[in-house]
Amino acid sequence: MKIKSKMLITAFFICALLLAFFISFSAPIMGGLMVLLILVLFSVIYLNFVRRLESLNKQLNQLNSQDASNIRITTKGNDDLTEISYQINEMLDNNQRAINQLEKNVEMKSAEINRIKATMPALMPALKTEPLPEIIKPITHQKDPLTSLPTRAFFNEALNKAISHAKRHNKIIAVLIIDVDAVKNINQTLGINIGNFVLSEMSQRIVKTLRTEDLIARLEGDEFIVLLSDINKPKFASVVAEKILQSLAPPIKDFFLTANIGISIYPDDGVSMEDMLKNADSALYQAKQAGDNAFQFYTNAMDVEAREFIKLENDLRKAIKNNELVLYYQPKLHIKNGNIAGVEALLRWAHPELGILNPAQFIPIAEDTGLMNKMGEWALREACKTNKYWQDEGYEHLTVALNLSPKQFQHADIAKTIETILKETGLNPKYLELEINESTVMDNIEIAKSRLDTIKLVGVQLSIDHFGAGYTSISHLKQLPVSTIKIDQNYIKGIPNNPNDSAITNAFIGLAHHLGLEVVAEGVETAEQVQYLTLQNCDMVQGYFLSHPLPQQKIELQFKKLADRALF
């Protein structure tokens, strides 16, 4: 182990003095001279140490008063002071490296901020009456002078960022390249001014079909390109493509134009800007081969699915007008007395070519295209009207239940719509039950509670559908103005043989009864399930064991059979 300098000096001095005193007893003169020599030697060593210490202190003061970036401690020797100097210099070197890295980061961020500032004016409308400010002039190449749309360079940069965002957040984006025919002929025959007017009008029509978060740019000539960000499903791009083609259909200055659109989807058709653009352009070529006013996905399978989606959407828009929507009814049975407790109205689409379609085949389309509110309102009115008819015909007064879709429930005027329909049909509100999916309630519990409270004031009954599929807590459930829960059929399928499903079902029944709520088990298909639910004091059952959903005329026959106890 290394002996430190101060300890070494002190030890040497003490040993020397002891030796000198020992010698002085035998040889006084020699001992005195030795003591004097030792004192002189110690003074020299000590003074040298003090001078080096003062030098170190002076250099440290310079570090505190000046820029330390280029100052380092200098010392000689191999003792504590030298080691301290090395440590100070190492600390200064580390600090300088950190400062250099920080300055580099600040420089990069400043460059990024300046670049963003430079591109922002490209999104602003063109200033037609006054010259552009000096600060904007250097980046005018980012904006097309004719249409005021961003240029290819700006679009490419935005696409790169959108791809990075989609990769981080697992999103889907789409690129649409639009090619419009006949503009070149207009330029050649009627002049560039007419052609420019047509291009400008076209760009405005396309812009109106897009969402605010989407981006459109002009490539060159009569080509445009669109970026659809954060779309839920790839086939949503086909809806936008169809809207664009429809927007360009009406004549401009008595000129009828046709267009074609090529579509590529991230990540299915590419994960880079180059791949997305190349594949969209390839799809555009295929669209042109198909004829005027056509769009084409890069992937053939996606193209087939999108065309089926578009056809169903167009058919669905006509369904209400053509009276193709119908309601089927499925009874709910009260276990204890064996009476019908009510019916649930279920929407069906009597498609002229495909036959009766279940909600899973068309409800997603209605949700994506904004048709759900209109269809839901039709179903609500039809259910109330039918139930009032049954009451007027002398059937037992039953409650008709109807599921409110998330879109309907989120509508601010839903309570007013319900109240209006009840007044129009003359149905007493207590004979209408509205079911809201548990997941819809849990999306925003505060807003949901407020909306349910408002709907409850109309006088209708409320229930939570698909209970157990979401995450409703007891504290939330007891705050909601509901009278019934419907246990999700995924749990009912497992009873009585699956111990987990059985335990969960028992817990749901006990919880609901503790809160004063009734329980409906949906999806009941066997007698064993009915027997088990009876033993667990479940209130009502619904499912194929009783009856499949039936149209109005057939459910009326079921009423008569059940009334005569024909099923028991």
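Predicted model: local features only at pLDDT ≥ 70, side-chain atom pairs only at ≥ 80, totals over all residues.

A: Residues are numbered from 1 along each chain as its sequence is written, and side-chain values use heavy atoms, without hydrogens and water.

Q: At roughly what angle do the axes of H11 and H13 cross?

A: Axes are lines fitted to C-alpha atoms, for helices over the stretch in contact, with angles from 0 to 180 degrees between N-to-C directions. Helices are DSSP runs (H or I, at least four residues), as are strands (E, at least two), numbered from the N terminus. The axes of H11 (residues 372-392) and H13 (residues 414-425) cross at roughly 35 degrees and come within 9 Å.

Q: Which residues of H19 are buried?

A: Buried means under 20% relative accessible area, exposed over 50%, and partly exposed in between (1.4 Å probe, protein chains only). In H19 (residues 527-535), Gln-529, Val-530, Tyr-532 and Leu-533 are buried. Their directions from the helix axis to the C-beta atoms fall within an arc of 165 degrees, so they line one face of H19. The face turned away carries the exposed residues Gln-531 and Leu-535.

Q: Is Lys-486 buried or exposed?

A: Lys-486, in strand S12 (residues 484-487), is buried, with a relative accessible area of 0%. Contact means heavy atoms within 4.5 Å; leaving aside residues up to four places away in sequence, Lys-486 touches residues including Glu-344, Glu-435, Asp-465 and Glu-522.
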